Every structure is written in C-alpha cells, then in structure tokens.
Amino acid sequence: MVVTAPARELLDQVLAEVVRETGAHVGAVFLLMPEGRVLGMEVVTGAPRELSMPWSRLPMERSTPVADAVREGRTIRVGSREELADRYPRTALVMPYDLSMVAAPLTGADAVLGTLVLIWSRPRPAEAPPAERALLEQARERLSDHLVRAGAGGEPILPGPEPRVLRTARAVPVHPDEALAAADWARRLPEGACALDFDGRITYVSPRAAELVGVPVERLVGSLPWESLRWLRDPAHEDRYRAAVLSGQPVSFTALRPPDHWLLVQLYPDATGVSVRISPTDAAAGPAPQAAPYDESAVPIRIGAIYHLMHLATALTEAVGVDDVVRLVADLFPSAIGADAFVLCVAEGGRLRVIGDRGYRPEVMAALDGTALTAHLPATRALNTGVPSFYGSPEDLVRAYQGLELLSDMSAWAFLPLIASGRPVGACVLAFAEERSFPADERAALTSLSGLIAQALDRARIYDAKHHLAHSLQSGLLPHTLPSVPGLEVAARYLPATTGMEVGGDFYDLIRLDDTCVAAVIGDVQGHNVNAAALMGQVRTAVHAHATAGASPDQVLSRTNRLLEELDTGLFTSCLYAHLRLTEGVLRMASAGHPPALLRFPDGRTDILSRPAGLLLGIDPGAEYPTSTMTLPRGAVLALYTDGLIETPGGDLDEAIAALAVTLSSRGRLPLDELAEVLVHYDGRATDRTDDTALLLLRPVPPS
C-alpha cells in the first residue's frame, strides 16, 4: 500500500522543527528499504534535490554515519571535517566541507527503521549541549512513533524514487517597494548582482551582471547558470556552487569568460538560495587558474554525476562477492548518469550470462541470457572486442545491426566492455528512455568506471570460487546428523560469519562410545580460510579416534595436541571435550583454552563451569589438560559453544557469558531445538556476526 500524503505531514513537520530549533543547516530522514539492504532518503530540507541525489541511496554494508546508526542502534556524532576524514574517509571524500553532523536511529519495537540526520555548517564539540540533546531525542522519538503507527495502520512510509524536498519559508515578507529599492541598489553597484533560488535557478540578475557575463537579462532569468553560460560548465565551477549550498559558507572562484574576460564570482548562501556577486578581475594579479581553450561543443559530465560515480568507485573497493558488486552497481551506477535500465553480464561457457539487471522486463532478460558469444549483438561485440559503443537513438542502433529486433522501448544505449587484467570478463549495458548524445567527457567517464566494475567483478568471482570451495570443505567435515542415544536429547547449530564472508574452523561432534556413554566435543581452529577448515577436519578426526579408543578426556586433548605439533601448521585450536556416563549422570570435562561450558540444573539455576584449562592445542607438546568431574542430573542442560557466540568488538567476554547464562536459565525448559534457536539469537547478532558460531546442547532424560 502506498502511503498517503497526510501520513507524511508529521514526518515533515518534525524534521522542519528540529532543524530550526537546533540551528542545523541540512536535515534529512533516511528509511530502510523493504529488502533491508539499502537506506533511502525519504525527505530532506536545506539542500536541493539534485545535490541530495548522490546520497539518496546508501547501502547498509558500507561504513557511513547514516548506516552505522542503523546497524549499531545508537546515535553517531561527527564533530568536524577532520573527524569525518578519520572515521569515515570514503564519506569525507565526497563531502570535503567544514561541517559537523549527527545521525540518530529511528527505532520500532524490535528493529531500527531508519535514521534522522542533521548537518551543521561549522565544527562542533563532541558532546552536544543538553538542550540540543533533548531536542534531538524528542524528535527521534516522535519520528519513530509515527513510523511505527503508520506501519501498524497499513500505510508504512517508504522512500520514493527520489527524496522529497522541504522548502524553507522566507523569514521576513518583502514589501514590493522594498523589492524595487533592492533592485535599484543592485543596479548602482559597480559589480554585478545575481540571485539564485533554492534549486539554483536565476531569479534576479542586475544589468551590470548581464553585461559582465555577456548574456541578456531575459535569457538568464529562470535558467541554471551552467546551462545559460556554457563556459561555467566546468565541474570545478559547479562544485563551488555545491560547496556553498551544502556547507552553508561563502565560497568564491575565478572563471574565464571567453575569450579573455576573467571574472570573480562570490557566492553567499542561506536556506532559501544563493546571492552572487560578479566582478571583473585580472588573472595575472591573483591566483586564478589557467583555463584550457574553450570548446563550444564540449559538454562536461555534470558534477552530480561525478559524485555519484565517486560513491560507486569507493563502494566497489568494499565489495566482496559477486552479489555485492551486482547490488552496488545496480543501486548506484544507473542513477549516476540518469540511466533507466541496466544489465550486467559475464562470459561463461561461451555464452553471455545475465547476473544482474534493473528496469528491463523479464522476457527481455530471458532473450539475452544464454546468448552465444558469437552472436552479432552489441553486448557480445563489446565483450569480444573490448571496445565500448554508444547509440544515441534506435535508428543508430538498428543502422549498426541490420535486422536487430528491439525488445524494449528504450531510446539510447551504452555498451561497455568489462576488462580486467587485459581480458574480458563481461559487459555492462546502460539504457535510456530518451535519446542521448553521449558527449566525449561522459563516454570517458563511463569507460573508466567500467574498468573499476570489471576489476571488482573479477576479484569477486575469484573470491566466490574460493569461498564456495572452503565452505564445501567445511560443511563436508561437520557432522550431517548426530547419533541417536537413548536417554539423551541433543541439538546443535552452526552459523557462518556474515561479515567478511570467510570460512572458519569451528566444529562440534557427538560420539557414541557405547550404550551408556557418549562424548561431546566442540572446538575452534584459529583462522578463517581453507587451511583452518582442513585442520578442523583433522582435529575432529583425531578426537574421534582417541575417544573411541577409550582415552580419558585429558588423554584425548594431550594426544590431539601432539598431533598438531607434528603437523606444524602454525595454527592453534581451542577445544572442550566432555565425557558423559548416562547411567550415573557423571560428567568429566577437559578444556584446551576454550570458553567455559554452561550447566543449567532442572530448578533453573545455571552455573558457568570455569574449571582449570590447559593451553590451546598446538602451542606446547608437553601441555597438560586437567579433568574436572561433576554430576549432570536428568533434565539438566549442558551448553557447549564457540567464542563466535559471545565475542563482539570491544565487548566484555565475562559479561557476554553471564548474559548467555541468564538466557539459558530463563528459557531452559524449552524443547532443545527451540532452545538452540533462542541461544544463537540471544544478543540479536544473528544477522551481523564477525565470527563463526557453533553450539551443542545436551539434556539427559529418562530412557523411553
């Protein structure tokens, strides 16, 4: 259901109020898109839509203040440009202004829904004044409550294709006589005067300003400066305008009006627009830039597109797998240059395979997917020759490929080869609903960026192949099922890391020794790679062999430790081995530097079994592993786990283990499979794990 306009009114009202009351220069509300991977800018005030577009979609996996506020569920403050560069260097690259900002999470009952962002045009102390913190918290709560109510009422507020822009009302109404007096005042000045509205269009220009720029007043009013004055279409000049609007600070630059008229342009922004002063200057007298000869036919790529492309280029450096690359390119690349459709293809088995697309009908993609690389098509030509091609109209495309059937209603296309290390890896197709000229600067930018996409895609495909191999190895070494033992309930869980997507060395096993005895083992091999997974299999096999041979817990670990010393892998392993005699309920355990097991008694009391432990396996061939003996009554639950369940960056391990014990104590009566699910989600990190997690639960019960 599409949300109605009234449902957004409170959103706009609260945003406008908190911006005004805190003195912020720019304010915005970002909301999580339905798939949960991207934050979309729903509404912004203090910045025009065009300048907001590079930030209208922010991938959740990227480290930005906005995304971090959602992922971490806390307010992120950045007090200066220097702090932004230190903490978020990629964000600072595209926002190189003297500003400060705060991103506060908007939360629902059990999830973060989005972020409230405020930007000030000056550095600020790390700690905000109490009054400001109270205003921010009040606004955050009101926005959160409204979003929750809108969702509960069947009208969830979701970001549109472009951010909505709230205009700042004029603070003081202007009388017509005042307006005339102001125009007379500007006309008398020796320099030119010009006014731009919130969107950058010229609303007033003095006769002297028109004279200096060489264009009549009537042709200037209502236009964008870089449209009516082609010599201002240098991205460096447009960036100065962008800097003034986004930073809220005065900015100046020197421009060359052909053939030899140097002009000093000074910009004075506020929340409603920009006042501009234009005056002649002598390039030789000051630090004016040297300009290349002016080319009337040149149409530089717009600065907004440049910043979009910078976003994509920096984001691609963080992409890991092919899915990451496809998602980033699909989310950011088309909007960078206004494309209406996009296709990403790779070469596989002599055919073209579509791995990502946006804006095309499924039947169009079905016709393209699987096309032989020998087919006479623009996409296969780009891949085979490594030469990009651009077609500004359907006639141009059909003329180049006689008999080609146009399967879509697009009107212009760019076919870009993806070349990495001198070899083609795929092709990228951009399509536009309107005819397009593809000027030289835009072609160069697209060709350069296609190289970045190719390198990222090539790295991602290699990574995915290694990742698949490692996970196949690991899953093959873990037990597919656990043995059924009369008088014992068992449940296990294994969760791979979600961050970094590397394979780990966590393992577990349950070994049936005879009709009344079992052994449980859990461990973690150091490292996250194929070597760790392979060593994990060797350790598990060694433990299994020593256990079935009748070795005691300390002997099992000692003998496995000597094996690791002989293998000399340079990797260490933590391991906890437990031997349980079911008839007597006797539990004997030995640990090699592993996190302590938890024991929940039938009455709900839970102990952390912090018994003496030996060194990690693989450090000292003579290490000893003391054995502890205790009672495991029927109905009790023994929980063995790896450190991935309890470790968080900067977190306290003892506190985490205590929190896990509290959860086990309160929920320990659940069926064991349900309890396992509760425990692996006990701290809410199941969707954001930096390490593998293994969990093994045992509960002695009366034999059936």
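Is the crossing of α20 and α21 right-handed or left-handed? In this predicted model, the crossing of these two helices, α20 and α21, is right-handed.

**A pair of helices**

Two packed helices are described by the angle between their axes and the distance between the axes. Helix α20 covers residues 653-667 and helix α21 covers residues 672-680, and their axes come within 10 Å and cross at roughly 150 degrees. Because angles over 145 degrees count as roughly antiparallel, α20 and α21 are roughly antiparallel to each other. On the side of α20, the residues that take part in the meeting are Leu660, Thr663, Leu664 and Arg667, and on the side of α21 they are Leu675, Val678 and Leu679.

**Buried residues**

| Residue | Relative accessibility | Class |
|---|---|---|
| Cys194 | 12% | buried |
| Cys575 | 0% | buried |
| Asn561 | 0% | buried |

Why does Cys194 count as buried? The class of buried residues takes in those under 20% relative accessible area, and Cys194 counts as buried because its relative accessibility is 12%. Cys575 also counts as buried, since its relative accessibility is 0%.

A disulfide is a covalent bond between the sulfur atoms of two cysteines. When a disulfide is taken as a pair of cysteine sulfur atoms within 2.5 Å, the count for this model comes to 0 disulfides.

Asn561 is found in helix α19, which spans residues 553-567, and with a relative accessible area of 0% Asn561 is buried. Leaving aside residues up to four places away in sequence, Asn561 touches Leu616, Leu617, Gly618, Ile619, Asp620, Pro621, Ala623 and Tyr625.

**A cis peptide bond**

Which residues does a cis peptide bond join? The cis bond joins Pro258 and Pro259, with omega at about 5 degrees. Pro259 has its place in the loop between β10, residues 251-257, and β11, residues 261-270.

**The whole chain**

The protein chain holds 21 helices and 28 strands. Of its 704 residues, 52% count as buried. Among contacts in the protein chain between residues at least 6 apart in sequence, 63% join residues at least 24 apart.

Note on methods: Residues numbered from 1 in each chain as written. Predicted model: local features only at pLDDT ≥ 70, side-chain atom pairs only at ≥ 80, totals over all residues. Heavy atoms only, no water. Buried < 20%, exposed > 50% of the residue type's maximum accessible area, 1.4 Å probe, protein only. Axes fitted to C-alpha atoms, helices over the stretch in contact; angles between N-to-C directions. Helix = DSSP H or I, 4+ residues; strand = E, 2+ residues; numbered from the N terminus. Parallel < 35°, antiparallel > 145°, perpendicular 65-115°, else oblique. Left-handed = near helix turned anticlockwise from the far one by under 90°. Contact = heavy atoms within 4.5 Å.
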